[in-house]
Amino acid sequence: MAQQRRMGGQPMFIMSEDSQRTQGRDAQSSNIMAGKAVAEAVRTTLGPRGMDKMLVDSGGEVVITNDGATILNEMDIEHPAAQMIVEVADSQEEEVGDGTTTAAVIAGNLLGEAEDLIEQDVHATTIVEGYHEASEIALEAITEQVNEADVDDEILKQVGKSSMTGKGTGGLTAESLAETVVEAIRHVETDAGVARDNVTVHTQIGASSNATELVPGIVLDEEPSHDSMPQAVEDASIAVLDVELGVRTGDIDAEYAIDSIDQLNTAIDAEESEVRGYAEEVAESGADVVFTTEDVDDRVSSYLAGEGILVFENIGNSDARDIVSATGARRVGALEDLEEADFGAADRIRAENFGDDDLAFIEGGAAAETVTVFVRGGTEHVVDELERAIGDALDVVATALASGEVVPGAGATEIAIADKIREEAAGIEGRKQLAVTAFADAIDIVPRTLAANTGQDPIDALVDLRAAHESEGRAGLITTGEDVTIADPFEHGVVDPADVKREAIESATEAATMIVRIDDVIAAE
Ligand code: ADP
Ligand code: MG
């Protein structure tokens with residue numbers, strides 16, 4: 001990203017001494033055009049009837065998605081102003097996890113409106129001031145739209161479902177996925193707040209998306225060290241070791257001078273008994289599941305299998321850490337130090353094979369609240385898009401639960417925002433009023449796009465929505481199955497977290513005003 005400096009109040013981009021320079025209106029309009037173009041690229045994906053994009057990179061990798069942030073990031077955008085719109089989507093994704101298309105589309109339209117204002121000789125600083133004032137009014141309007149009822153499971157489910165409607169959920173209904181998502185978030189709710197990070201998503205190709213389920217624990221890419229070990233252990237006592245269970249590599253140096261069969265047998269016996277010693281030590285410790293970051297000799301595995309002990313060898317360091325934090329086990333570096341106090345506990349540990357992949361499920365760990373949404377789908381594209389949709393849904397449900405504030409979706413909040421801004425614009429003096437009104441016009445892009453993407457006439461829809469907003473208060477363009485109707489989104493379960501709308505307004509305003517203020521671009525050759 002270019003380095004940014006402020007000179008005389010105007011930000012400008014400085015890239016290199018030996019550079020190409022664009023100034024004044026040319027710089028402004030080229031930046032505005034680039035920003036608009038980027039927003040335009042995601043417009044058709046907005047809403048429940050939004051279309052997907054197929055993105056193919058130079059290596060032929062294909063991503064099919066409906067997710068604004070993903071599209072913009074895959075597009076490999078170079079223009080610095082366009083890049084700023086990508087950052088809008090990124091910060092939206094990071095802060096609240098959803099509303100990326102909305103934010104990008106609003107930012108693009110704020111730029112489009114600014115372009116018209118500049119043509120009418122409204123100065124960039126006036127536009128910036130007007131946009132900032134309008135965005136303050138917009139935030140007030142959002143707060144006025146916040147629901148009065150408590151955010152309960154039903155509303156959370158609606159929030160999750162609204163965020164997934166129109167996403168490729170692989171034949172699985174957004175409804176049933178939303179239930180899983182709410183269950184997951186409820187699991188990680190504590191007095192201190194919602195520990196969103198304690199919900200993990202693990203994808204596994206090979207079954208229909210209907211097999212997607214909530215695992216009350218963690219899922220790891222690990223397999224048992226021996227086929228005849230139990231595939232599941234209930235009420236497991238778990239040892240986590242950094243110990244090699246076999247003839248220690250160091251011992252090999254102690255070469256045997258073998259010149260008779262007897263000596264060979266003695267050597268083999270010595271090794272056998274060493275190995276058996278490890279196995280017995282483990283078995284006697286009382287652990288019934290063992291994870292070790294080191295090798296386990298086949299003979300040890302076989303002996304432990306016979307004892308009904310489930311062993312995982314060569315586990316990754318981060319998996320070892322996850323097991324420790326889920327089960328409360330203490331990692332042990334030498335077998336002789338292993339005692340019962342080091343054991344972790346879990347309701348159930350099971351190993352399962354999925355074609356090429358082997359997974360270990362650790363459920364009901366004694367120490368952690370971590371849960372995993374185990375996402376299934378027939379192909380990589382399906383599980384990838386499902387993972388993104390579920391990630392968004394987890395974020396919005398967590399956001400809504402944490403703040404307790406939701407607003408009507410389906411364009412209703414945007415209609416209310418634009419209406420309030422227009423009302424208050426009347427009291428604003430001079431040309432700034434033009435900029436404030438232009439902001440309201442830019443917000444109309446959301447209901448207009450929802451209309452266009454459902455095959456409606458955007459102008460007619462806007463007129464009808466405004467009329468319904470006037471008479472009924474809340475009015476959105478609700479899509480249910482094949483039908484599109486104007487109604488109260490709260491009554492149809494189309495709800496978004498208030499914070500998603502706030503963030504979209506704030507980040508779009510910030511990017512658009514920043515781009516508008518630039519009147520000098522100095523670019524390296
Ligand atoms: P974003 O990346 O901005 O979240 P989406 O494609 O997810 O874009 O679309 C979100 C918009 O779709 C929100 O304004 C939301 O209220 C709206 N929406 C969700 N479900 C429905 C529905 N059933 N009818 C109409 N609008 C809906
Ligand atoms: Mg969304």
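User: Domain bounds come from an automatic or database domain assignment. What does the domain assignment give here?

Analyst: Domain 1 is 21-147 + 407-522 and domain 2 is 217-367. Their C-alpha centres lie 56 Å apart. This is a predicted model, where local features need pLDDT of at least 70, side-chain atom pairs count only at pLDDT 80 or more, and totals for chains, interfaces and linings use all residues. Residues are numbered from 1 along each chain as its sequence is written, and side-chain values use heavy atoms, with hydrogens and water left out.

User: Why is the pair of Phe354 and Phe361 called tilted?

Analyst: Rings of Phe, Tyr and Trp (its six-membered ring) pair if their centres lie within 6.5 Å; planes under 30 degrees apart are stacked, over 60 edge-to-face, and the rest tilted. Phe354 and Phe361 have ring centres 6.4 Å apart and planes at 45°, so the pair is tilted.

User: And what makes Tyr131 and Phe439 edge-to-face?

Analyst: Their planes are 75° apart, with 5.6 Å centre to centre. Tyr131 sits in helix α5 (residues 124-145) and Phe439 in helix α13 (residues 432-443), so the pair ties together parts 308 residues apart in sequence. Those helices are DSSP runs (H or I, at least four residues), numbered from the N terminus.

User: How do you know whether Phe354 and Phe361 are buried or exposed?

Analyst: Buried means under 20% relative accessible area, exposed over 50%, and partly exposed in between (1.4 Å probe, protein chains only). Phe354 has 13%, so call that buried; Phe361, at 1%, is buried too.

Definitions and conventions
Chains are lettered from A and ligands numbered from 1 in the order in which they are written. Helices (H or I, at least four residues) and strands (E, at least two) are DSSP runs, numbered from the N terminus.
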